[in-house]
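Have the viewer ready and follow along.

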Amino acid sequence: MNNDGRILICGGNELNGSVCVNGSKNAILPLLSTTLLAEGTHTFTNVPDISDVGGFLEVLQCYGLKFFWDKSKKKITVINEGVNEEDVPPDIAKKTRVSVIALGPLLSVRGHVKLPYPGGCGIGNRPIDLHLKAMSKMGASIFISNNYIHAICKESRGAVIDFILNTVTGTQNVISAAVLSKGTTTLTNAALEPEIVDQINYLIKMGAKIRGKGSRILVIDGVSKLKASTYRVMPDRVEAATLAIAIAGVGGNVVVKNLDPAYIQSVLLRLEACGVHVERGKDFFKIKSAGQFDASNITTLPYPRFPTDAQAQFMAIMCKAKGVSIIEETIFENRFQQVPELQRMGADITVKGSIAVVRGGKSLSGAEVGSTDIRAAASLIIAGLMAEGETVVNNLHYLDRGYDQLDVKFKSLGADIIRE
Ligand code: EPZ
């Protein structure tokens, strides 16, 4: 067993009370990449304490930036006194594949980048061909050798770019590269995820000229200089979706605070289709569930449709739902890794390509299971909360990449859960 501990759960307790959502992992990472674009002191609040943030801060440090992370205040200060000419050592760059979002800013501010090609991960190959094509259109010469990306760009210039599919970090790289480029960049078929709007909000606060935020067409007029500023990170909609699904599955009555429920409307609508009661407020929602509910089908799609990052969690509760659920994963080619572990807990799931058929009505039984990615870890915890008997969840480094004390949140709601 690895040294990141394990979570022990005795399933069956209802969840009651209220819980607050943390800041968003998928928002703070692109926000941190924007600190490469402007000298000065950048301050971010509502920052979650997760290892992906630590990993990316190490990358920024290699480029000469300094940071102070006050975890008790959920606050990060990044000081950019000039980006150096260094490259990130492979052991650091490989820690988090998201280092690829340094590509756009670095091509813009220093004109060269050498990064390990961010390999795939458990959930899929994670190609970055669209990122590279877009950077080339903006003036970069890029070649791959010895599994490294070598990119040189004498002067990044505005371009007309169209993405053949929606890529979140691809969109974020183009935005970062365009804000200081010469001329105007038009990006069509941009991704719509709210974390992109968060990045745009901060860039506009820094003095960037960006039109069309929240739409598929972004028009960015390059400016000569940006100014560091302060920004509060948006709430984590995937954590909120995880909590909503868990409460529905286990049963209970919980208010989830600090998030506009519109961000996870697609998930709440699915839960209502299962017969779960949902109340929506301005910056909170309430889930009331007797722990008995109908099965429902889902297909994961780009925002605002059902998020791939909530698929594994939803699959866990479909194991208990009354009826059969068809789950189609259209975003990543290998995002059913939680299935064998759920099957060891008694789940009846058949997988064929991108489709998983879940025959519900099962009461799961506790087992020792291993996480295989961030959201699979959350899925197994939810299964353990519903199961009879004791569940042990291992490989918690995956969970720690994207969740800030999820086990403590469930414990505060009445779950019999402990991390050792
Ligand atoms: C972001 O990943 C998120 N990560 C992922 O969250 C999320 O699952 C994903 O978007 C989809 O919503 C961060 O924001 C840090 P994509 P990203 O580029 O940007 C294909 C989590 O659990 N594609 O939107 O890497 C790709 O293979 C993580 O929090 C290309 O073909 O995902 C995939 O099928 C997991 N070529 C689809 O597009 C490219 O150049 C969407 O990927 C880029 C992407």
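What covers the buried residues of helix 5? The cover includes helix 4 (103-109), strand 7 (141-145), strand 8 (148-152), strand 9 and helix 6 (168-178).

## Ground rules

This is a predicted model, in which local features need pLDDT of at least 70 and side-chain atom pairs count only at pLDDT 80 or more, while totals for chains, interfaces and linings use all residues. Residues are numbered from 1 along each chain as its sequence is written, and side-chain values use heavy atoms, with hydrogens and water left out.

Helices (H or I, at least four residues) and strands (E, at least two) are DSSP runs, numbered from the N terminus. Buried means under 20% relative accessible area, exposed over 50%, and partly exposed in between, with a 1.4 Å probe and protein chains only. A contact means heavy atoms within 4.5 Å.

## The whole protein

The protein has 14 helices and 23 strands. Its C-alpha atoms fill a box of roughly 60 × 45 × 45 Å along the principal axes. A compact globule of 420 residues would have a radius of gyration near 22 Å, and the 21 Å of the protein agrees with that; the radius is taken over C-alpha atoms, and the globule rule is 2.2 Å times the number of residues to the power 0.38. Of the 420 residues, 57% are buried. Among contacts with a separation of 6 or more, 72% come from residues 24 or more positions apart.

The accessible surface comes to about 16000 Å², and carbon and sulfur atoms hold 51% of that area; such areas come from the Shrake-Rupley method with a 1.4 Å probe, and for residues only the protein chains shown count as cover. As for charge, the mean positions of the 46 positive and 41 negative charges are 5 Å apart. Lys and Arg count as positive and Asp and Glu as negative, with His and the chain ends not counted; each charge is placed at NZ of Lys, CZ of Arg, CG of Asp or CD of Glu.

Helix 5 (residues 129-137) has Leu130, His131, Leu132, Ala134 and Met135 as its buried residues. Just after helix 5, Gly139 takes a positive phi of about 110°.

Ile142 sits in strand 7 and is partly exposed, with a relative accessible area of 23%. Beyond its neighbours within four places in sequence, Ile142 is in contact with Leu132, Met135, Ser136, Ile149, His150 and Ala151. Ile142 and Ile152 are 10 residues apart along the chain, and their C-alpha atoms are separated by 6.5 Å.

## Two strands to compare

Which way do strands 1 and 22 run, parallel or antiparallel? Strand 1 (residues 7-10) and strand 22 run antiparallel and are joined by four bridges, with Ile7 partnering Val393. Strand 21 (residues 368-370) runs parallel to strand 22 and is joined to it by three bridges; here Gly370 stands opposite Asn394. Two strands pair if DSSP finds at least two bridges between them. Because four of the five residues of strand 22 (residues 390-394) are buried, the strand is largely enclosed by the rest of the structure.

In a regular strand the side chains alternate between the two faces of the sheet. Strand 10 (residues 184-188) has Thr185 and Leu187 on a covered face, and Thr184, Thr186 and Thr188 on an uncovered one. Strand 9 (residues 160-162) is joined to strand 10 by three bridges and runs parallel to it, with Val160 opposite Thr186.

## Backbone details and a buried alanine

Asn189 lies in the loop between strand 10 and helix 7 (194-205) and has a positive phi of about 60° although it is not a glycine. At 23% relative accessibility, Asn189 is partly exposed. Gln405, in the loop between helix 13 (396-402) and helix 14 (406-412), also has a positive phi of about 60° without being a glycine. The peptide bond from Tyr303 to Pro304 is cis, with omega near 10°, and Pro304 belongs to the loop between strand 17 (298-300) and helix 10 (311-318).

Ala246 is in helix 8 (residues 237-250) and counts as buried at 0% relative accessibility. Leaving aside neighbours within four places in sequence, Ala246 is in contact with Leu15, Gly251, Ile382 and Phe410. Ala246 and Leu15 are 231 residues apart in sequence and 8.7 Å apart in space, C-alpha to C-alpha.
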